[in-house]
Number of protein chains: 2
Amino acid sequence: MNRRFLLVRRPNGMPVSEDFLLVEAPMPALPPGGLIVRNHYASLDPAQRGWMDDVPSYMPPIALGDAVRAATLGIVHASDNPAFAPGDWVRGSHALEDYTAVPAGGFTRPIDIDAVERPTLFLSALGGNAMTAYFGLLDVARPRAGQTLLVTGAAGGVGSIVGQIGRIMGCRTIGIAGGPEKCRRLVDQFGFDAAIDYKGKTSSVLASEIGAQAPGGVDILFENVGGDVMDAVLLNLAERARIVLCGLISEYNATGRVGIRNLWQILVRRATLHGMIVADYIPRFAEAADDISRWLAEGRLHVEEDVQDGLENAYPTFMRLFSGANRGKQILKIV
Amino acid sequence: MNRRFLLVRRPNGMPVSEDFLLVEAPMPALPPGGLIVRNHYASLDPAQRGWMDDVPSYMPPIALGDAVRAATLGIVHASDNPAFAPGDWVRGSHALEDYTAVPAGGFTRPIDIDAVERPTLFLSALGGNAMTAYFGLLDVARPRAGQTLLVTGAAGGVGSIVGQIGRIMGCRTIGIAGGPEKCRRLVDQFGFDAAIDYKGKTSSVLASEIGAQAPGGVDILFENVGGDVMDAVLLNLAERARIVLCGLISEYNATGRVGIRNLWQILVRRATLHGMIVADYIPRFAEAADDISRWLAEGRLHVEEDVQDGLENAYPTFMRLFSGANRGKQILKIV
């Protein structure tokens, strides 16, 4: 049998458990030229919330009645593709289910599990979040030593890596996160120079606190949040600031989007804002993996994983991303 | 005597006549190394509204009690600078007043009035608005033939030139403006391929109409408006669209800014948004003037001027920009 975590209704704002259904389905048939993957670990990411909406995006929405799309690590269970043998570890765009049938030409790649301390590193330090941090910062924003980098959602799976790579590049790093405990972790575990707690503050108070930490202005904003937090940062841009628009977690579950009102500051500061999607960098992932592996080995990069257990906990685990309960990269152990 | 149109109170939202005062002051003294310019024509621009607010910007705000800053054309009345003689025509950052005292090192440059059909061309076809259009489109957006260019505020002093340069570059050009008469002018006088009237339409209706005119998406958005109009365009971006953020006229008089809520589309389309300020291009204005003069001579560029008369009409003339009453580049004849 194949347990599958289905999307059965498009969420209206914050997802509720009734939007999903855990079912037992028969084992899928092996697609011609394809694979069946036994999923072991799934990455849970804010981007999945976007795939649940039927709006124009960079990927088709998850079809109603289909298992929730997710990056997973797993083992080849059956193969009709000579490049894969049963028992091989793979990573790919699969779903929250025990077994995924991958058609010929699917997004599944072999991984060398012996090269890492634990398989989940392929979803954390070497996962899509890390690739997003690496290419978003180094390729899009192109930081120089001495510049001020501000990261929103700084304690998250992307933000915590952005801050650390920024520090490696010699930037002054400021992280914004929710709550004193996360802010402590930003400084103590991830080495940010300063942490700002956005909780319970008006956008204008937040703007003043950012100004106090970045008196010369923010040269690079790595944006994961949007809304009031982003608006507060926009009031503190340096001339020709670069903004990497990576995510807008404050908006994903909003029934009425807050948006940003300080767009004017992008004009007066001659700033640029760049939308980025990590999938565009797939051909260059190996380049990032080399650097990241070295930084991990040298102890210059610290990655946290928040691994929850069991497909039956898919819904509450997913919701940890939006309540802010997750401590590091959110992963679900399927088996 | 020197008539001066002063800013005496910072407008709260839409400017009212009580925010200004027309006074008669004594003739200013000639600054050491500087000039006194007799102003003849002033450019009225939405940007002046921004200078009236005390918020972070690319220029200091106009001081209360000072004459409203404006680009003007005038004649040197007195000079303590050997590079200028009384009687020379000049253009510069002056003010809405009969005589401006320009300190040494001010932004005043000689102009060759004999090279043009009429002096006001230095505020229209060769003015800051035209330079904004030229460099915003050609240097920031870098259009290629066959691409779709959408211009908001398309009937205005900047937008109407952007559309025409876009057509010269071989783009499909779509203009958005307010009202059927302006839309007719976009097509008939400025040669846009399509015109869309935003008035009385919800953002989603507007988004559909844009989609119908740009089925392959908008490659370049030249943004002068912001708010709901911009949000509607964001739903129709092509992959890797470039957005030139030139102005946000819908926001300048708003007491609560509308902002934009479809920022997400910039992310999913991997678009980029660039804030631009024309002052950064001053060293390259001659380059633009050469091209524009040639296009004017060849009849490929058509520029309209809306010249109102008299410093006593400064307030109603300025307000024409926000009511949409202006027909072409708004100019005030001072004398």
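This section describes the symmetry, chain contact, domains, core and selected residues of a predicted model.

Two copies of a chain are related by a rotation about an axis and a shift along it. Here, chain A can be laid on chain B by a turn of 180° and a shift of 0.0 Å along the axis. The RMSD of this superposition is 0.0 Å. The two copies are thus related as by a two-fold rotation axis. The same surface serves both copies, as 100% of the contact residues of chain A recur in chain B. Within chain A, A:Leu273 comes closest to the rotation axis, with its C-alpha at 2.5 Å.

The contact between the chains takes 27 residues from chain A and 27 residues from chain B. On the chain A side, α8 (263-268) and β13 (272-275) each supply at least two residues. The largest share, five residues, comes from α8(A). By class, this side of chain A has 15 nonpolar, six polar and six charged residues. Strands also pair across the two chains. β13(A) runs antiparallel to β13 of chain B (residues 272-275), and the pairing spans three bridges. In one of them, A:Thr272 has B:His274 in β13(B) as its bridge partner.

Chain A is assigned two domains. Domain 1 covers 2-124 + 304-333, and domain 2 covers 128-278. Taken over C-alpha atoms, the centres of these domains of chain A are separated by 28 Å. In chain A, 17 residues of domain 1 are in contact with 14 residues of domain 2. On the domain 1 side, the elements that give two or more residues are α1 (47-51) and β15 (329-333) of chain A. The residues of that side divide into five nonpolar, eight polar and four charged.

In soluble globular proteins, nonpolar side chains tend to be buried together. In this model, the largest nonpolar core has 182 residues. A:Phe222 and B:Phe222 have the most contacts inside this core. Beyond its neighbours within four places in sequence, B:Phe222 is in contact with B:Gly136, B:Leu137, B:Ala141, B:Leu149, B:Val151, B:Val162, B:Val244 and B:Cys246.

Helix α6 of chain A (residues 227-234) was also examined for burial. Seven of its eight residues are buried, so α6(A) is largely enclosed by the rest of the structure. The buried residues are A:Gly227, A:Val229, A:Met230, A:Asp231, A:Ala232, A:Val233 and A:Leu234.

B:Lys199 is found in the loop between β10 (194-197) and α5 (203-213). B:Lys199 counts as exposed because it has 12 C-beta neighbours inside 10 Å. Leaving aside neighbours within four places in sequence, B:Lys199 is in contact with B:Gly178 and B:Gly179. B:Lys199 and B:Pro180 are 19 residues apart in sequence, and their C-alpha atoms are 9.0 Å apart in space.

The other two concern the backbone. Most residues other than glycine have a negative phi. B:Arg142 has a positive phi of about 45° although it is not a glycine. B:Arg142 lies in the loop between α2 (128-141) and β8 (148-152) of chain B. With 11 other C-beta atoms within 10 Å, B:Arg142 is exposed. B:Arg240, also not a glycine, has a positive phi of about 60°. B:Arg240 sits in strand β12 of chain B (residues 237-245). B:Arg240 is partly exposed, with 13 other C-beta atoms within 10 Å.

Notes
Residues are numbered from 1 along each chain as its sequence is written. Chains are lettered from A and ligands numbered from 1 in the order in which they are written. This is a predicted model: local features need pLDDT of at least 70, side-chain atom pairs count only at pLDDT 80 or more; totals for chains, interfaces and linings use all residues. A nonpolar core is a set of buried Ala, Val, Leu, Ile, Met, Phe, Trp, Tyr and Cys residues joined through C-beta atoms within 7 Å. A residue is buried if 20 or more other C-beta atoms lie within 10 Å of its own, exposed if 12 or fewer, and partly exposed in between; C-beta atoms are placed from the backbone. Two residues are in contact if their C-beta atoms, placed from the backbone, lie within 7 Å. Copies are superposed by least squares on the C-alpha atoms of residues with pLDDT of at least 70 in both. Helices (H or I, at least four residues) and strands (E, at least two) are DSSP runs, numbered from the N terminus. Ala, Val, Leu, Ile, Met, Phe, Trp, Tyr, Cys and Pro count as nonpolar, Asp, Glu, Lys and Arg as charged, and the others, Gly among them, as polar. Two strands pair if DSSP finds at least two bridges between them. Domain bounds come from an automatic or database domain assignment.
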